[in-house]
Amino acid sequence: MTFSNLEGFFTTFAQANPNINKKPLGDFLAFGKPKMMDKILVIGAAGQLGSELTQALTNQYGGDQVIATDLRDSAKSQFDYCRFEVLDVMNREALRDLVKEEKVTQIYHLAAVLSATGEKNPLFAWHLNMESLLYVLELAKEEKLDKIYWPSSIAVFGPNTPKVNTPQFCVKEPNTVYGISKQAGERWCEYYFEKHGVDVRSLRYPGLIGYKSLPGGGTTDYAVDIYHKAIANEKFNCFLREDSYLPMMYMPDAIKATLDLMNAPRESVKIRSSYNLSGMSFSPKEIFESIKKHVPDFQIEFNPDFRQAIADSWPDSIDDSRAREDWGWKPDYDLDAMTADILKNLPSYFPPKK
Ligand SMILES: NC(=O)c1ccc[n+]([C@@H]2O[C@H](COP(=O)([O-])OP(=O)(O)OC[C@H]3O[C@@H](n4cnc5c(N)ncnc54)[C@H](O)[C@@H]3O)[C@@H](O)[C@H]2O)c1
């Protein structure tokens, strides 16, 4: 049966069976080939985002179709549900060999030096964040890969950006090396799409909050650490001011947004730099108060450090109307819903020390 016949068969089948789950079928038809042929490579899979995104990708594509890779050999035990390989993304030959040998069709490139860590070694952060993206984009061009995912960040904005409901298109003068690398990365993504047709897709994540892994050196990490202290009944020392608002997102929403964007038909993805994405916005005082509803004796102290200046240069809240219009984005969690879910689940992942 030729593919067009096959497509016709599924369309007729769908019309005759209106109650079947339409989403996988819609994906099947939208991308023009069966999901079984997709082979997904995740780079930086052992990090805060990667460890949850890789699981979600395995749920979608099946364990045989996903290869998790990371610099850290110790991460292997984390991936009992899919194949794991040690890979330094800066080893261009090893990356190319893996993609060719395994007939990879999509890359999720998550490896990066984050904002706070980047300020400690700016040249290394620039080198890793930029070179690795260019290796992946070149490979996508040469090997004609189907799709690339690369995350950007609210760090692309800077002190001269409008702070409230920050628009998709506005002044961006980032003043951290991380933000500069993400801004340049966005330009490269759009360039490879325009000049070479590389189907690269990207989201400007706010601070990501999850309970399944520890954060990797970002300015929004306090909003993860605070829950660990709450379940341990310890006082929390906050490195930001109590009124420092930042855009944040609960990890299940970040995973949903990523899969929705990547599953959207090519023509729906109209922004090829990176989409603004919003979940919630809160201050350290507000997350503290949300936790106190469950842990009444919880205590906090505010001792801002160098990360306060980074937070001050970022938006308070984000306008993500383009993501909503173009591919139907809508978050599920607000602050109190996230707090309840984390406090319920965190102890089974990180039991408090006695
Ligand atoms: N976590 C957030 O709040 C947040 C917000 C905005 C954007 N992002 C972006 O999402 C992506 C993932 O972030 P994260 O929080 O999971 O970071 P993370 O630091 O937790 O994870 C990054 C992973 O990359 C791996 N890695 C580092 N160098 C590598 C190399 N040379 N080769 C292969 N792997 C390497 C690390 O071992 C780590 O497991 C990054 O691009 C980050 O900029 C994250």
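Trainee: Why is Glu85 called partly exposed?

Mentor: This is a predicted model, by the way. Glu85 has a relative accessible area of 29%. Buried means under 20% and exposed means over 50%, so Glu85 falls in between and counts as partly exposed.

Trainee: What makes Arg83 and Glu85 a salt bridge?

Mentor: Their side chains meet with N and O 3.0 Å apart. The cut-off is a Lys or Arg nitrogen within 4 Å of a carboxyl oxygen of Asp or Glu, so this pair qualifies. Arg83 is partly exposed too, with a relative accessible area of 33%.

Trainee: How many salt bridges are there in the whole structure?

Mentor: A search turns up 21. One of them joins Glu102 to Lys39, with the closest N and O atoms 3.3 Å apart. Glu102 sits in the loop between helix 4 and strand 4, and Lys39 in the loop between helix 2 and strand 1, so the pair ties together parts that are 63 residues apart in sequence.

Trainee: Are Glu102 and Lys39 buried or exposed?

Mentor: Both are buried.

Trainee: And what about Arg266 and Asp199: what makes that pair a salt bridge?

Mentor: The closest N and O atoms are 3.8 Å apart. The limit is 4 Å, so the pair counts. It also links distant parts of the chain: Arg266 is in the loop between helix 9 and strand 12, Asp199 is in the loop between helix 7 and strand 7, and they are 67 residues apart.

Trainee: Which residues do salt bridges with shared partners join into one network?

Mentor: Lys39, Arg83, Glu85 and Glu102.

Trainee: Let's turn to threonines. Why is Thr69 called buried?

Mentor: Its relative accessible area is 0%. Thr69 is found in strand 2, and leaving aside neighbours within four places in sequence, it is in contact with residues including Leu41, Ile43, Phe84 and Leu98.

Trainee: How do you know that Thr69 makes a polar contact with Val42?

Mentor: A polar atom of the Thr69 side chain lies 2.8 Å from the backbone oxygen of Val42.

Trainee: Where is Thr161, and what does its side chain reach?

Mentor: Thr161 is in the loop between strand 6 and helix 7. Its side chain reaches the backbone nitrogen of Gly158 at 3.0 Å and the backbone oxygen of Val171 at 2.7 Å. Thr161 and Val171 are 10 residues apart in sequence and 5.3 Å apart in space, C-alpha to C-alpha. With a relative accessible area of 5%, Thr161 is buried.

Trainee: How many cavities of 30 Å³ or more are there?

Mentor: The count comes to 1. The largest cavity has a volume of about 50 Å³, so it clears that threshold of 30 Å³.

Trainee: Which helices each supply at least two residues of the lining of the largest cavity?

Mentor: Helix 6 and helix 7 do. Among the lining residues are His109, Asn129, Trp150 and Lys182.

Trainee: What makes up that lining by class?

Mentor: The lining has 5 nonpolar, 4 polar and 1 charged residues. Lys counts as charged, so Lys182 belongs to that class.

Terms used: Residues numbered from 1 in each chain as written. Predicted model: local features only at pLDDT ≥ 70, side-chain atom pairs only at ≥ 80, totals over all residues. Heavy atoms only, no water. 1 Å grid on protein atoms, 1.4 Å probe; cavity = no way out; pocket = protein on both sides within 12 Å on 5 of 7 lines; lining within 4 Å. Points joined across faces, edges and corners; volume = space filled by probe spheres on them. Helix = DSSP H or I, 4+ residues; strand = E, 2+ residues; numbered from the N terminus. Buried < 20%, exposed > 50% of the residue type's maximum accessible area, 1.4 Å probe, protein only. Polar contact = N/O pair within 3.5 Å; in protein donor to acceptor, adjacent residues only side chain to side chain. Contact = heavy atoms within 4.5 Å.
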